[in-house]
Amino acid sequence: MSQPGPHDRPGSLDDVAQQQLLQEIGRVIVRSLPPGWQQTTVEYRELGDHHELVAQLLAPNGTVVPLAVPTEVAGLFVQLRHGMYQPDRGTWISALYRLQRPGSYTVDFNGDYEPNWRVAPPPEAFAEELRRYPRPAAATPDWLAPPSTGPGLRTAEVFDDGGRPITERPGLDPAELDQVAEYLERAPVVLAARSYDTDRLDPNRSPAVPMTFHTDGSWIWPGAVGYYLRQHGVAPEAELVAHIRSRSFQIPEVDESAREQAVAVITGDGR
């Protein structure tokens with residue numbers, strides 16, 4: 001099964017490229033269908049390294065029968081899922097592709113609800129999913145989220161209102177902006193991707209938003225929080241700013257245990 005290459009940034013597919021992949025998936029499926037087919041459904045499910053492909057055919061007499069489709073279909077779904085990643089939502093966990101004769105199709109994407117797995121994913125699949133495709137706490141369903149953030153460990157969001165770039169937060173005094181930004185940027189990095197994300201407030205810029213997570217042992221925040229403060233003056237959550245002020249802008253020592261706990265919160269490990 002083909003995998004995205006190291007140069008393929010998560011979320012790199014625009015709407016046109018997504019449609020082209022969806023159409024290619026349909027063409028590959030149709031080539032494998034028997035004569036006289038009427039309708040077929042193909043569902044692809046993936047979590048970390050765990051994946052399933054289930055296909056069914058509606059026979060002319062109305063009977064539903066299992067269908068074997070080329071392994072190429074799974075590889076195309078992998079590319080599509082990787083390319084549709086959004087930092088504020090993650091990516092979809094399952095996709096249901098419906099084909100109707102002579103060639104019309106619809107696709108339903110699910111990124112919120114746990115699929116009806118044929119075989120339950122192993123515990124490490126949950127952690128691997130959130131490592132590859134980090135998503136904010138507000139967009140992480142309970143079944144995928146870590147069981148607990150632990151006392152005093154809170155997660156900051158980049159934007160308000162469910163992840164959309166709406167920022168109705170108190171502005172920072174220009175005199176302390178650099179101090180807050182330095183705190184955000186210099187706190188230990190506990191998780192990092194190799195690539196950079198697109199600037200959602202200036203999409204024409206080259207991707208430069210760090211796909212990292214920092215912690216000071218009390219809070220966890222994406223590297224994007226410091227980026228948007230520096231580049232656009234977007235203040236962090238008011239409670240995080242108050243916390244940084246209470247520290248007199250000095251980053252405390254963060255021991256290995258605190259770093260491991262932060263990683264467990266971000267990835268959902270320790271299930």
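Some ground rules. Residues are numbered from 1 along each chain as its sequence is written, and side-chain values use heavy atoms, with hydrogens and water left out. Because the model is predicted, local features need pLDDT of at least 70 and side-chain atom pairs count only at pLDDT 80 or more, while totals for chains, interfaces and linings use all residues.

Sheets to begin with. Helices here are DSSP runs of H or I with at least four residues, strands are E runs of at least two, and both are numbered from the N terminus. Two strands pair if DSSP finds at least two bridges between them.

Thr41 stands opposite Arg98 in β4.

Another open sheet has 4 strands, ordered β6-β9-β8-β7, and its pairing is mixed. Its edges are β6 (154-155) and β7 (189-197); each has a single partner strand, so one side of each is left without a neighbour in the sheet. β6 and β9 (residues 219-222) run parallel, joined by 2 bridges. Arg154 has Trp219 in β9 as its bridge partner.

Now helices. Axes are lines fitted to C-alpha atoms, for helices over the stretch in contact, and angles run from 0 to 180 degrees between N-to-C directions. Contact means heavy atoms within 4.5 Å.

α1, residues 15-31, packs on α2 at about 170 degrees, with the axes 10 Å apart. The two are therefore roughly antiparallel. On that scale, under 35 degrees is roughly parallel, over 145 roughly antiparallel, 65 to 115 roughly perpendicular, and the rest oblique. The α1 side of the contact includes Leu21, Ile25 and Val28, and the α2 side includes Val73, Leu76 and Phe77. By class, the contact has 9 nonpolar, 2 polar and 3 charged residues. Here Ala, Val, Leu, Ile, Met, Phe, Trp, Tyr, Cys and Pro count as nonpolar, Asp, Glu, Lys and Arg as charged, and the others, Gly among them, as polar.

α4 (residues 174-186) and α6 (residues 238-246) have axes that come within 11 Å and cross at roughly 95 degrees. That makes α4 roughly perpendicular to α6.

Last, cavities. A cavity is a set of points, on a 1 Å grid over the protein atoms alone, where a 1.4 Å probe fits but cannot get out; lining residues have an atom within 4 Å of a point. Grid points are joined across faces, edges and corners, and a volume is the space filled by probe spheres set on the points.

How many cavities of 30 Å³ or more does the structure hold? It holds 2. The largest cavity has about 320 Å³ of space. Of its 22 lining residues, the closest to the centre are Pro87, Asp88, Val158, Pro222 and Ala224. β8 gives the most to that lining, with 5 residues. The lining has 13 nonpolar, 4 polar and 5 charged residues. The second largest cavity has about 30 Å³. Residues lining the second largest cavity include Val158, Arg169 and Tyr228.

Notes. 1 Å grid on protein atoms, 1.4 Å probe; cavity = no way out; pocket = protein on both sides within 12 Å on 5 of 7 lines; lining within 4 Å.
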